[in-house]
Amino acid sequence: EGTGRYDMPLPWCIDGQAGDVRLPAKDEAAFGELHSAMDGVARPVVGALWAEQAVSDEMRAGCVISEPGALAQPSHRDGPDGLVTVFAPLTAFVPRNGPTELSPSTHRGGDDSSSLAPLLQPGDVLLFDYRCLHRGLANEGNSRREVAYAVYSRQGVRDIQNFPSATTLEYD
């Protein structure tokens, strides 16, 4: 998009699920450990939210990188009901490096008149509904902002907008 922001879908690394990118074994193991730790925190929360329906075993995960000079994104929703995003920062979120801004209650039809941009630190985990308006702010700092993410879905719900079944590499 020319915005200085990159989304790299990666292997989930749990239970042998295939991912979009092949990594060296050392890196794949490191992401596997990170996502296992994220899963240990997030799965019980998501399971409690969707107590009446099972959490799907089909997971999507990756890393979003915001380069210095990256533009602010427009506010957007990632998709429909039945999906939750989990963020785990790999670098500290500070005002200058473009933290993620969220508009609470917009996933339930609330207005977007208030917003917050939590200054997450490595070791923190943030969960938010896919329907929540959010955006990455401009990175006005001198270093990258990196965040690992995982997407959880209720059984039978799939994000085909952000994670189509075929990658662009299959068409090249």
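Modeller: Before we look at anything in this predicted model, keep one definition in mind: two strands count as paired if DSSP finds at least two bridges between them.

Biologist: With that in hand, how many strands and how many helices are there in the protein?

Modeller: The protein has 7 strands and 1 helix, and along the sequence they follow the pattern β-α-β-β-β-β-β-β.

Biologist: What is the order of the strands in the open sheet?

Modeller: Five strands make up this open sheet, in the order S1-S2-S7-S3-S5, and their pairing is antiparallel. Strand S1 (5-10) and strand S5 (126-129) are the edge strands, each pairing on one side only. From one strand to the next, the twist averages 25 degrees.

Biologist: Is S2 largely enclosed or largely open, and how many of its residues are buried?

Modeller: Burial is judged by relative accessible area, and a residue under 20% counts as buried. Because 6 of the 7 residues of S2 are buried, this strand is largely enclosed by the rest of the structure. For the protein as a whole, 40% of the 172 residues count as buried.

Biologist: Cys63 has come up already; is this cysteine buried or exposed?

Modeller: Cys63 counts as buried, because its relative accessibility is 3%. Cys132 is buried too, with a relative accessible area of 6%. A search of the whole structure for disulfides finds 0.

Biologist: How should I read the nonpolar cores, and which residues have the most contacts inside the largest one?

Modeller: The general idea is that in soluble globular proteins nonpolar side chains tend to be buried together. Here the largest nonpolar core has 13 residues, and those with the most contacts inside it are Phe87, Leu102, Leu126, Phe128, Val147, Tyr149 and Val151. At least two residues of this core come from each of S3, S5 and S7, and S7 gives the most, with 3 residues. Another core, of 12 residues, lies apart from it, and among its members are Trp50, Met59, Val84 and Ala150.

Biologist: What can be said about the phi of Ser105?

Modeller: Most residues other than glycine have a negative phi. Ser105 has a positive phi of about 75 degrees, although it is not a glycine. Ser105 is found in the loop between strand S4 (100-102) and S5, and its relative accessible area of 27% means that it is partly exposed.

Biologist: To finish with the whole protein, what share of the contacts joins residues 24 or more positions apart?

Modeller: Counting the contacts with a separation of 6 or more, 81% are between residues 24 or more positions apart. The accessible surface comes to about 9200 Å², and carbon and sulfur atoms hold 53% of this surface.

Key. Residues numbered from 1 in each chain as written. Predicted model: local features only at pLDDT ≥ 70, side-chain atom pairs only at ≥ 80, totals over all residues. Heavy atoms only, no water. Helix = DSSP H or I, 4+ residues; strand = E, 2+ residues; numbered from the N terminus. Axes fitted to C-alpha atoms, helices over the stretch in contact; angles between N-to-C directions. Core = buried A, V, L, I, M, F, W, Y, C linked by side-chain atoms within 4.5 Å. Buried < 20%, exposed > 50% of the residue type's maximum accessible area, 1.4 Å probe, protein only. Disulfide = S-S within 2.5 Å. Contact = heavy atoms within 4.5 Å. Areas by Shrake-Rupley, 256 points an atom, 1.4 Å probe, with all protein chains shown as cover.
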